[in-house]
Amino acid sequence: MSELRSTDPADVLNRPEFWEGNRQDQVFRKMRQSSPVSWQSEPATEWEPKGGPGFWSVVTHELVTEVSRNPEIFGSRYGTEIIDQAPEVFQLAGMLNMDAPEHTRLRAIVSRVFTPRRINAMMHDIQQRAQKIIDKMTAMGEFDFVTEVADTFPAGIVAEVMGVAPSDVPALVELTKQILSPPPELAHRANLEMIEYGTDLALKRAAQPTDDLLSLLVKAEVEGQKLSPREIGVFFALLLTAGIETTGTALNHGVVALHQFPDQRAKWLSDYDKLAPAAIEEMFRWASPVRRFRRTALVDTELAGTPITAGDKVVMWYMSANRDETVFDNPHVLDVTRSPNPHLAFGGGGHHFCLGANLARAEATVFLRTFLHAFPHYELTADVDYATNDAFNVVASVPCSTGRTR
């Protein structure tokens, strides 16, 4: 029945040109006020030559949270991308595209090894990696923050956690970029390659375990159940992709925002450690690294009085929810002391809340402390280059200087 519905006047969210640059906030503001639930058409794509059936967009904090926390009504089992992919494709995202009980089993096993204690044990290494990058930046004077930080810092940490050889990291970072970018066929091939790498590594760790996370995953079990090497390979691809992109994007947007709001930079520097917990949450709210995820209505229901039919696609726009004026005072202003800050950068709660959230927070806290103390007067030397991507808030280039000539 979805194809019979008329589209909303603001039927722009699935048009590539809408995502050029960084200027979507005005449209989302109007939608939050007048069309919190709107029907959007799906234009033709390489995978859907005739166009898809369309989807519901939810753009307010309240509705995104409602969809997130009711998996028995809005499921993930049919995929989290807007386009309808074949099961053999969307199942490659592992527990990201699962509901209970499969999701519950996998998450229970992974959670056993992804603990705060293990993250705390990594802090020294995270600091050393940050300082090494700062030393390189100091020598360079001018640099692209994306190239020197976002593409290397999170990747090195996540790769070490997973037991990846340092020599393999650049190739895996390149695969990550392909997974997160169009066209979907290239993204699919890159994801398969990443999964195969992770599966092979899991088999090696089963035969010869070490102290890395992959070895722990091979051994971990809940109620007698273990992950298969293939399941570990799928989780490996998911963690590496999400771990690199989420933290890197938050850091990219964070340094741009602190340049745009110099009063907030100065305030944070006046007492970094005291303000860091609130400021880091604000970095993730501001960046909204993952712009949206899809769910599928499993039963007939409604959202904000709008009837939703079983089988309809429902897309949650985190980037809009994180600018919701009814939840955040002055949401378009960076505020490093913002509290409370119930942002949805790691998801809207529920059983799909990001497993790597605490690692991402730790990485961002350590790196920005090191960066801001080394370069308190850093500057942007040219326009920021924003990628065209409706799923991830990707930044292609952030030209910077250390500002040390002051």
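Select helix α8, residues 153-162: nine of its 10 residues are buried, so the rest of the structure largely encloses this helix. Buried means under 20% relative accessible area, exposed over 50%, and partly exposed in between, with a 1.4 Å probe and protein chains only. Helices (H or I, at least four residues) and strands (E, at least two) are DSSP runs numbered from the N terminus. This is a predicted model, in which local features need pLDDT of at least 70 and side-chain atom pairs count only at pLDDT 80 or more, while totals for chains, interfaces and linings use all residues. Residues are numbered from 1 along each chain as its sequence is written, and side-chain values use heavy atoms, with hydrogens and water left out.

Stay on α8 and colour its buried residues: F153, P154, A155, G156, I157, V158, A159, V161 and M162. Then step to G163, which follows α8 and has a positive phi, near 85°.

Next, show E160 with R129. These two form a salt bridge, their closest N and O atoms being 2.4 Å apart; the term means a side-chain nitrogen of Lys or Arg within 4 Å of a carboxyl oxygen of Asp or Glu. R129 lies in helix α6 (residues 123-140) and E160 in helix α8, so the pair ties together parts that are 31 residues apart in sequence. R129 is partly exposed at 28% relative accessibility, and E160 is partly exposed at 40%.

Now select E231 and R105, another salt bridge, with closest N and O atoms 2.4 Å apart. E231 sits in helix α12 (residues 229-260) and R105 in helix α4 (residues 102-111), 126 residues apart. Both count as partly exposed: E231 has a relative accessible area of 24% and R105 one of 23%.

Move to R230, also in α12, and its partner E196 in helix α10 (residues 184-207), 34 residues apart. The closest N and O atoms of this salt bridge are 2.6 Å apart. R230 is partly exposed at 35%, as is E196 at 38%.

Select E42, D84, R294 and K313 together: salt bridges that share partners join them into one network. The whole structure holds 20 salt bridges.

The secondary structure of the protein chain comes to 16 helices and 14 strands. Its C-alpha trace spans about 60 × 55 × 35 Å along the principal axes. Of its 406 residues, 55% count as buried.
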